[in-house]
Amino acid sequence: MIEKAVGPNEPLVTHLFTADPSAHVFEGRIYIYPSHDIDHDGPTNDNGDQYVMEDYHVLSMENITSPCVDHGAALHIKDVPWASQQMWAPDAAYRDGTYYLFFPARDKEGIFRIGVATSSSPAGPFQAKESYIPGSFSIDPAVFVDDDDRVYMYFGGLWGGQLEKWQTGAFQPDAIEKGPEEPAYKPRLAELSDDLLTFKAAPHEIDIIDEDGKPLLAGDEERRYFEGPWMHKYNGRYYLSYSTGSTHKIVYAMSDNPCGPFVFQGMILSPVLGWTTHHSIVEFGGKWYLFYHDASLSGGVDHLRSVKFTELHYDEDGRIQPISL
Ligand code: FUB
């Protein structure tokens with residue numbers, strides 16, 4: 001389905017609710033890989049039970065002012081042998097003629113895992129692998145291909161995303177939450193194998209520190225990592241951006257190394273309508289864009305969100321100019 005031309009800060013599509021946009025330029029077009037929000041009568045809670053998504057649709061735009069195309073259902077949970085429910089924020093990557101869709105979902109035991117599906121087209125449809133990536137857990141995979149062709153997956157989300165239940169390296173359903181003075185939970189990083197189907201080694205934590213080199217604390221809710229990581233590179237430096245969750249901001253930290261440590265910098269996007277905030281950053285035609293979601297189209301229903309974009313600017317030191325909508 002093709003809709004009218006899209007402007008900045010307007011829903012890319014209005015016939016679907018979409019969230020968690022991961023934007024990439026493939027074959028000269030902007031492709032957006034969002035979650036597909038659906039309505040239901042079930043509960044809303046901190047466990048994220050309201051996000052009951054069952055499939056993915058791929059969106060694309062010829063350029064930043066053109067209509068947005070919905071390429072239809074690209075992968076349904078009934079076609080993912082290992083998954084039971086909740087297809088949350090996905091991402092995509094390309095290598096050697098194949099497009100890879102990375103996505104989290106709960107396995108048959110209710111534990112979030114990260115799976116892969118492949119296609120010969122960036123628009124799908126995608127064919128899921130039999131099992132999730134061995135050693136994967138939690139949510140929100142963001143896959144970054146570096147200039148040297150090494151491929152990294154950043155992932156992890158608190159609360160519904162279960163990251164705090166993995167502190168020992170094994171899933172602990174009754175894990176005790178950290179106190180506010182303890183170091184914050186950290187996002188995870190794993191380098192992908194050459195075929196992008198497995199991790200080269202077990203995922204490890206990434207350090208996010210303040211300007212004095214101290215780790216951010218769990219009680220520092222204005223700055224600490226919550227979910228929704230994204231990695232991009234600008235002028236040779238690595239930018240790790242993410243959601244602060246309970247304070248509803250998109251913030252970022254910088255490093256000279258894709259593995260960190262990352263030094264906290266500041267806010268990219270102020271809170272939007274709705275509890276969640278989730279974004280991606282992409283360069284197209286020499287300009288930089290922030291793709292994000294909010295719940296304005298549904299009148300504030302947080303599990304019925306819409307993907308939008310806005311232009312992003314850097315200052316001369318490479319700092320991102322904060323956006324307040
Ligand atoms: O869409 C479900 C979850 O909400 C995502 O995985 C999080 O990043 C948040 O946007």
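**View 1. Open five-stranded sheet of the predicted model.** Five strands, in the order β15-β19-β18-β17-β16, make up an open sheet with mixed pairing. Strands are DSSP runs (E, at least two residues), numbered from the N terminus, and two of them pair if DSSP finds at least two bridges between them. The edges are taken by β15 (208–209) and β16 (227–234); each has a single partner strand, so one side of each is left without a neighbour in the sheet. Two bridges link β15 in the parallel sense to strand β19 (residues 262–269). Within β19, Phe262 is the bridge partner of Ile208. This is a predicted model, in which local features need pLDDT of at least 70 and side-chain atom pairs count only at pLDDT 80 or more, while totals for chains, interfaces and linings use all residues. Residues are numbered from 1 along each chain as its sequence is written, and side-chain values use heavy atoms, with hydrogens and water left out.

**View 2. Open three-stranded antiparallel sheet.** The strand order in this sheet is β20-β21-β22, and the pairing is antiparallel. Because β20 (279–284) and β22 (306–312) stand at the edges with a single partner strand each, one side of each lacks a neighbour in the sheet. On average, neighbouring strands of this sheet are turned by 30° against each other, direction ignored; the axes are lines fitted to C-alpha atoms, and angles run from 0 to 180 degrees between N-to-C directions. Strand β21 (residues 287–294) runs antiparallel to β22 and is joined to it by seven bridges. Trp288 has Leu312 in β22 as its bridge partner.

View 3. The largest pocket has a volume of about 490 Å³. A pocket is an open set of points on a 1 Å grid over the protein atoms alone, where a 1.4 Å probe fits, with protein on both sides within 12 Å along at least five of seven lines; lining residues have an atom within 4 Å of a point. The volume is the space filled by probe spheres set on the points, which are joined across faces, edges and corners. Of the 20 lining residues, His24, Phe144, Val145, Met231 and Val282 are the closest to the centre of the largest pocket. Two or more lining residues come from each of β2 (17–26), β7 (91–95), β11 (142–145), β16 and β20.

**View 4. Centre of the second largest pocket.** The second largest pocket holds about 310 Å³ of space. It is lined by 25 residues, of which Gly48, Tyr51, Glu227, Trp275 and Thr276 are the closest to its centre.

Notes
Helix = DSSP H or I, 4+ residues; strand = E, 2+ residues; numbered from the N terminus.
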